[in-house]
Amino acid sequence: MAKCIDATPSGGVLEIPAGTYRMEGDVRIDHPMTLRTAGTGASTEPCLGSVRCAVLRAAPNLHVQNGFLKLGPTSGVVLDHLVLDGNRAARLGG
């Protein structure tokens, strides 16, 4: 995902398909952009309803401080129709 984020131009939109993505390290966003689930741009329905969203789930062995999503020195970052799942139940043993 890092390469896709880096390739998204400032002010651009990166749409990822609905599904679950295993986060094995930090996800860093350091420029203005929108990250959202594909096909949800015009939707006002929440992810918990009838809309399928992308789920970014921490891997059970992920060890990072302050979460896996890091926003750099920027503004204008929009996260839309995404679920950020720290996977707490699977990571408590770590």
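Arg36 lies in strand β4, which covers residues 33–37. The structure described here is a predicted model. With a relative accessibility of 18%, Arg36 counts as buried, because the limit for that class is under 20%. Apart from residues up to four places away in sequence, Arg36 touches Val13, Leu14, Glu15, Ile16, Gly41, Asp80 and Leu82.

Several of these contacts of Arg36, including Val13, Leu14, Glu15 and Ile16, belong to strand β1, which spans residues 12–16. Strands β1 and β4 run parallel and are joined by 5 bridges. Within this pair, Val13 stands opposite Thr34 of β4.

In soluble globular proteins, nonpolar side chains tend to be buried together.

Strand β5 takes part in a sheet as well. Three strands form an open sheet in the order β2-β5-β8, with parallel pairing. At the edges are β2 (19–23) and β8 (82–85), each of which pairs on one side only. From one strand to the next, the twist averages 20°. The pairing of β5 (residues 54–58) with β8 is parallel and extends over 4 bridges. One of the paired positions is Leu56, whose bridge partner in β8 is Leu84.

The cysteines were examined next. The count comes to 1 disulfide, and this bond joins Cys47 to Cys53, with a sulfur-to-sulfur distance of 2.1 Å. A disulfide is a covalent bond between the sulfur atoms of two cysteines. The torsion about the S-S bond of Cys47 and Cys53 is about -90°, and the disulfide is therefore left-handed. Cys53 counts as buried because its relative accessibility is 9%. Cys4, by contrast, has a relative accessibility of 45% and counts as partly exposed. The closest cysteine sulfur to that of Cys4 is in Cys53, at 18 Å, which is too far for a bond.

For the protein as a whole, 2 helices and 8 strands are found. From the N terminus on, these elements follow the order α-β-β-β-β-β-β-β-β-α. The radius of gyration is 14 Å, close to the 12 Å that the globule rule gives for 94 residues, so the protein is as compact as a globular protein of that length. Along the principal axes, the C-alpha trace spans about 40 × 35 × 20 Å. Of the 94 residues, 32% count as buried. Among contacts with a separation of 6 or more, 68% are between residues 24 or more positions apart.

Technical notes. Residues are numbered from 1 along each chain as its sequence is written. This is a predicted model: local features need pLDDT of at least 70, side-chain atom pairs count only at pLDDT 80 or more; totals for chains, interfaces and linings use all residues. Side-chain values use heavy atoms; hydrogens and water are left out. Buried means under 20% relative accessible area, exposed over 50%, partly exposed in between (1.4 Å probe, protein chains only). Contact means heavy atoms within 4.5 Å. Two strands pair if DSSP finds at least two bridges between them. A disulfide is a pair of cysteine sulfur atoms within 2.5 Å. Axes are lines fitted to C-alpha atoms, for helices over the stretch in contact, and angles run from 0 to 180 degrees between N-to-C directions. The radius of gyration is taken over C-alpha atoms; the globule rule is 2.2 Å times the number of residues to the power 0.38.
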